[in-house]
Amino acid sequence: MQGILYEEPSIWQFFFVTCLLGGWAAWMTGKASAQTWRSFPQLFAYMLGLGIGIRFIHHALFNGTMFSLHYYIVDTIVLMILGFVGYQYTRTNQMVTQYNWLYERASLLSWKPKG
């Protein structure tokens with residue numbers, strides 16, 4: 001997988017920077033976007049910026065390539081997945097808590113009308 005998903009000599013560096021640090025930041029960005037009733041396109045833009053930040057951390061800490069489109073896309077896709085899941089999880093909690101007379105939880109990431 002080295003060379004396809006990550007450029008570091010160890011996959012643990014990829015997991016630490018992209019999945020752990022970046023994933024936490026993406027989750028919190030998704031949560032904050034949902035709490036302030038922002039839309040998916042705004043969250044998408046935030047994730048693009050966060051992807052640049054994660055590429056910088058790879059570059060600064062592990063001598064990774066800063067301006068690599070391939071690894072930027074890989075990192076940003078991972079961040080988007082975690083950010084959008086955090087957004088949807090928070091939005092579901094908002095809908096079933098604030099509008100409990102209208103909606104009930106259908107799953108961890110969705111709600112349905114009561115009826």
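This is a predicted model: local features need pLDDT of at least 70, side-chain atom pairs count only at pLDDT 80 or more; totals for chains, interfaces and linings use all residues.
**Group meeting: a walk through the model**

Residues are numbered from 1 along each chain as its sequence is written, and side-chain values use heavy atoms, with hydrogens and water left out.

So, what is the protein built from? We have 3 helices and 2 strands, and from the N terminus on they run α-α-α-β-β. Helices here are DSSP runs of H or I with at least four residues, strands are runs of E with at least two, and both are numbered from the N terminus. The C-alpha trace spans about 55 × 25 × 20 Å along its principal axes.

How much of it is buried? Of the 115 residues, 32% are buried. Buried means under 20% relative accessible area, exposed means over 50%, and partly exposed is in between, using a 1.4 Å probe and protein chains only. As for contacts (heavy atoms within 4.5 Å), take those between residues at least 6 apart in sequence: 59% of them join residues at least 24 apart.

Now the aromatics. There are 7 aromatic pairs in the structure. Rings of Phe, Tyr and Trp (its six-membered ring) pair if their centres lie within 6.5 Å; planes under 30 degrees apart count as stacked, over 60 as edge-to-face and the rest as tilted. Take W27 and Y89: their ring centres are 5.9 Å apart and their planes sit at 40°, so this pair is tilted. W27 is in helix α1 (residues 11-35) and Y89 is in helix α3 (residues 69-98), so the pair ties together parts that are 62 residues apart in sequence. W27 is partly exposed at 29% relative accessible area, and Y89 counts as partly exposed at 30%.

Another pair is Y103 with W111, which is edge-to-face, at 6.4 Å centre to centre and 70° between the planes. Y103 is partly exposed, with 24% relative accessible area, and W111 counts as partly exposed at 28%. There's also an aromatic cluster formed by W12, F14 and F15.

Y103 takes us to the strands. Strand β1 (residues 103-107) and strand β2 (residues 110-113) run antiparallel and are joined by 4 bridges. Two strands pair if DSSP finds at least two bridges between them. The bridge partner of Y103 in β2 is P113. Together β1 and β2 make a hairpin, with 2 residues between them.

Back to helix α3, with two residues to look at. T90 lies in this helix and counts as buried, with 9% relative accessibility. Which residues does T90 touch, leaving aside its neighbours within four places in sequence? T90 is in contact with K31, A34 and Q35.

The other one is I77, also placed in helix α3. I77 counts as partly exposed at 46% relative accessibility.

Last stop, the loops. Where does W37 sit? W37 lies in the loop between α1 and α2 (40-62). Phi of W37 is near 60°, a positive value in a residue other than glycine, and W37 is partly exposed at 41% relative accessible area. Then there's N63, in the loop between α2 and α3. Phi of N63 is near 55°, a positive value in a residue other than glycine. And is N63 buried or exposed? N63 is exposed, with a relative accessible area of 72%.
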